[in-house]
Amino acid sequence: MIKAIFFDLDDTLVNSKKAEYNAICDFKKLYSEFDKIKDIDFANVWNKITIEIYEEYHSGKISFEELRIGRMKGLFSNYSINISDEEAEQKFKDYKSIYEKNWILFDDAKEVLEHLKNKYKLVIISNGDGKWQRKKIEHMGLNKYFSDIIISSEVGYSKPEKEIFDIACKMVDLKPANCVMIGDKLKVDIQGALNAGMQAIWVNRKKEKLSYEYQIKELNELTKYL
Ligand SMILES: [Mg+2]
C-alpha cells in the first residue's frame with residue numbers, strides 16, 4: 001500500500017521549458033537591437049546555443065563560468081554583436097534574475113498536490129543546488145505540500161543513486177515498498193527508485209515511445225495508479 005509519494009521537481013512539477021521560453025523573450029525586450037526578431041526565432045537560437053555549449057560542459061571541455069559566458073557571447077554573436085566576457089557575465093546575471101521571475105508550475109500541479117496532500121506524505125527529491133532549488137520551491141509556494149525536501153547537493157547523493165531514495169524513506173519512516181517516485185527521467189528518477197525497491201511512475205510528457213508499464217502524460221492522470 002502506498003503511503004508516501006516522492007516527486008522530482010524540474011520538468012515534473014516545474015515547467016522549465018515554458019519558464020526558459022518566457023525568460024529569454026523578456027530578456028530580448030531589454031535590447032532594441034532585437035526588436036525586429038521574432039520571439040520564437042530568438043528562443044530557438046538561445047536553445048541551440050545552450051544545447052551545444054552544455055555538451056562541451058558535460059564533456060569537461062569548459063568550466064561552469066565559461067558555460068555562462070559562452071551562452072551569452074554565442075547569443076549576441078549570432079546577431080553580429082561582440083560583447084566582452086565581463087558584459088556576458090553581467091548579461092547572464094540579468095537573464096538569471098529574469099528567469100527566476102518566470103518560474104512556473106505545470107497547470108495541473110497544484111490541483112494534484114492539493115488532492116494528494118491529505119492522503120499521502122509528499123516529498124521532493126531533486127538533483128541540483130540546494131540554495132537555488134529551495135528558492136525555486138519557495139517562489140512557487142510548494143513548501144506547504146511537502147513534509148520533506150531532499151536535494152542532492154545537501155545530502156551528498158544524487159538520483160539515480162540508491163542512497164538518496166533510502167534517505168527519503170527514512171525521513172518518512174516507511175519501507176520502500178510503501179513509497180512511489182514520480183519523475184520525468186527514466187534513467188534517473190524511475191530506474192533509481194526501482195533499484196531502491198520502490199515503485200515508480202514515469203511522467204512521459206514528450207510521449208516518448210519507450211515501454212514502461214507505469215507511465216502518464218499529465219500529473220492529473222496519477223490517480224489511475226494510486
Ligand atoms: Mg526532472
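These questions and answers go through a predicted model of one protein chain.

Me: How many helices and strands does the secondary structure of the protein chain come to?
Reply: The model is a predicted one. Its secondary structure is made up of helices and strands, and the count is nine helices and six strands.

Me: What radius of gyration does the protein chain have, and what would a compact globule have?
Reply: The C-alpha atoms fill a box of roughly 60 × 35 × 35 Å along the principal axes. A compact globule with 226 residues would have a radius of gyration near 17 Å. The value for the protein chain agrees with this, at 19 Å.

Me: Are helix 3 and helix 4 roughly parallel or roughly perpendicular to each other?
Reply: Two packed helices are described by the angle between their axes and the distance between the axes. Here helix 3 (residues 64-78) and helix 4 (residues 85-101) have axes that come within 8 Å and cross at roughly 95°. Angles of 65 to 115 degrees count as roughly perpendicular. The two helices are therefore roughly perpendicular.

Me: Which residues of helix 3 and helix 4 make the contact, and how many of them are charged?
Reply: Helix 3 contributes R68, I69, R71, M72 and K73. Helix 4 contributes D85, A88, E89, K91 and F92. By class there are four nonpolar residues and no polar ones, and the charged residues number six.

Me: Is L113 buried or partly exposed?
Reply: L113 belongs to helix 5 (residues 109-116). Leaving out residues up to four places away in sequence, it touches L122 and Y145. A residue needs 20 or more other C-beta atoms within 10 Å to be buried. L113 has 19, so the residue is partly exposed.

Me: What distance separates the C-alpha atoms of E221 and W46?
Reply: Along the chain, E221 and W46 are 175 residues apart.

Me: What percentage of the residues in the protein chain is buried?
Reply: The protein chain has 226 residues. Of these, the buried ones make up 29%.

Notes
Residues are numbered from 1 along each chain as its sequence is written. This is a predicted model: local features need pLDDT of at least 70, side-chain atom pairs count only at pLDDT 80 or more; totals for chains, interfaces and linings use all residues. Helices (H or I, at least four residues) and strands (E, at least two) are DSSP runs, numbered from the N terminus. A residue is buried if 20 or more other C-beta atoms lie within 10 Å of its own, exposed if 12 or fewer, and partly exposed in between; C-beta atoms are placed from the backbone. Two residues are in contact if their C-beta atoms, placed from the backbone, lie within 7 Å. Axes are lines fitted to C-alpha atoms, for helices over the stretch in contact, and angles run from 0 to 180 degrees between N-to-C directions. Angles under 35 degrees count as roughly parallel, over 145 as roughly antiparallel, 65 to 115 as roughly perpendicular and the rest as oblique. Ala, Val, Leu, Ile, Met, Phe, Trp, Tyr, Cys and Pro count as nonpolar, Asp, Glu, Lys and Arg as charged, and the others, Gly among them, as polar. The radius of gyration is taken over C-alpha atoms; the globule rule is 2.2 Å times the number of residues to the power 0.38.
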